Amino acid sequence: MNAQMRIYGDLRSGNCLKVKYAADLLGVPHEWIAVDIAAGETRTPSFLAMNPAGQIPLVAWPDGRVLAQSNAILRYLARGTTLLPADPFLQAKIDAWLFWAQYSHEPYVAVARFEMVYLGKPKAERDPRLVTRGEAALDLMEAHLASRLWLEGGGFTIADLALLAYTRLAPEGGFDLSPRPALRAWIARCEQAIGLES
Ligand SMILES: N[C@@H](CCC(=O)N[C@@H](CS)C(=O)NCC(=O)O)C(=O)O
């Protein structure tokens, strides 16, 4: 039996990628278990026994504990590190970005990408609501980052990590980052921080 933490995920999913980025950056030993959603692998009885929501990413430990929800996983892995500074107010500000990402960014930017990449829709046929809200999310980030290097605090945190995954993939969803220089510079900084090729 493998005594390492297992991460169930799909490398095409930003939600899964951010967990991988964190585990790799923090040097957390793990076994990556590729899960094919399209083949129904998140809906098998054995997977549903671990996560009744039938979703990845999912982390499982040898003692039987499991943890779902990418941002909960990020918070857990990052505890005690510079990715999640100890100051309670700064942590709350970071949490605010994590919640915003899940409610106001990912459901639009990632789902528009899903329509294009997985459903094969042309850019012009994306759901207009996804486009409007996705553009608004990216505009908010651009405005915020115009006067800052990082989303919160003085360095790279899980707020940046959580937003990086789908923001750098936004062009695959038809979103143009060229008129957003602060966002592009932030993506490049984040990629450098986690040792990712741009
Ligand atoms: N809020 C969740 C979202 C997880 C999620 O939507 N995962 C997708 C892949 S990106 C999934 O597993 N979908 C399969 C399904 O719902 O059947 C998180 O951040 O972990």
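**Entry: Gln69.** I looked up Gln69 and found it in the loop between E4 and H3. Gln69 is not a glycine, yet its phi is positive, about 75°. I counted its surroundings: 19 C-beta neighbours lie inside 10 Å, so Gln69 is partly exposed. The cut-offs I used are 20 or more other C-beta atoms within 10 Å for buried, 12 or fewer for exposed, and partly exposed in between, with C-beta atoms placed from the backbone.

**Entry: what I am reading.** This is a predicted model, in which local features need pLDDT of at least 70 and side-chain atom pairs count only at pLDDT 80 or more, while totals for chains, interfaces and linings use all residues. Residues are numbered from 1 along each chain as its sequence is written.

**Entry: the sheet.** In what order do the strands of the open sheet stand? I read E2-E1-E3-E4, four strands with mixed pairing. Strand E2 (30-34) and strand E4 (66-68) are at the edges with a single partner strand each, so one side of each has no neighbour in the sheet. From one strand to the next the twist averages 20°. Two strands count as paired if DSSP finds at least two bridges between them. E3 (residues 58-60) and E4 pair in the antiparallel sense, over three bridges.

Entry: I checked Pro57, in the loop between helix H2 (45-50) and E3. The peptide bond joining Ile56 and Pro57 is cis, with omega about 5°.

**Entry: helix H1.** H1 (residues 14-26) lies across strand E1 (5-9) and E2, and runs at about 150° to E1. For such angles, axes are lines fitted to C-alpha atoms, for helices over the stretch in contact, and the angle runs from 0 to 180 degrees between N-to-C directions. Among the buried residues of H1 are Cys16, Leu17, Val19 and Ala22. Their cover includes E1, helix H3 (70-78), helix H4 (88-118), helix H6 (158-168) and helix H7 (181-194). After H1 comes Gly27, with a positive phi near 70°.

**Entry: H1 against H6.** The two axes come within 8 Å and cross at roughly 135°. That makes H1 oblique to H6; under 35 degrees would be roughly parallel, over 145 roughly antiparallel, 65 to 115 roughly perpendicular, and the rest is oblique. The contact (C-beta atoms, placed from the backbone, within 7 Å) involves Gly14, Leu17, Lys18, Tyr21 and Ala22 of H1 with Leu161, Ala162, Ala165 and Tyr166 of H6.

**Entry: two loop residues.** Is Leu83 buried or exposed? It has 22 C-beta neighbours inside 10 Å, so Leu83 counts as buried. Leu83 sits in the loop between H3 and H4. Apart from neighbours within four places in sequence, Leu83 is in contact with Ala78, Thr157, Ile158 and Leu161. Leu83 and Ala22 are 61 residues apart in sequence, with 8.9 Å from C-alpha to C-alpha.

I then turned to Arg148, in the loop between helix H5 (128-145) and H6. Arg148 has 12 other C-beta atoms within 10 Å, so I list Arg148 as exposed. Its C-alpha atom is 8.9 Å from that of Trp186, 38 residues apart along the chain.

Note on methods: Contact = placed C-beta atoms within 7 Å.
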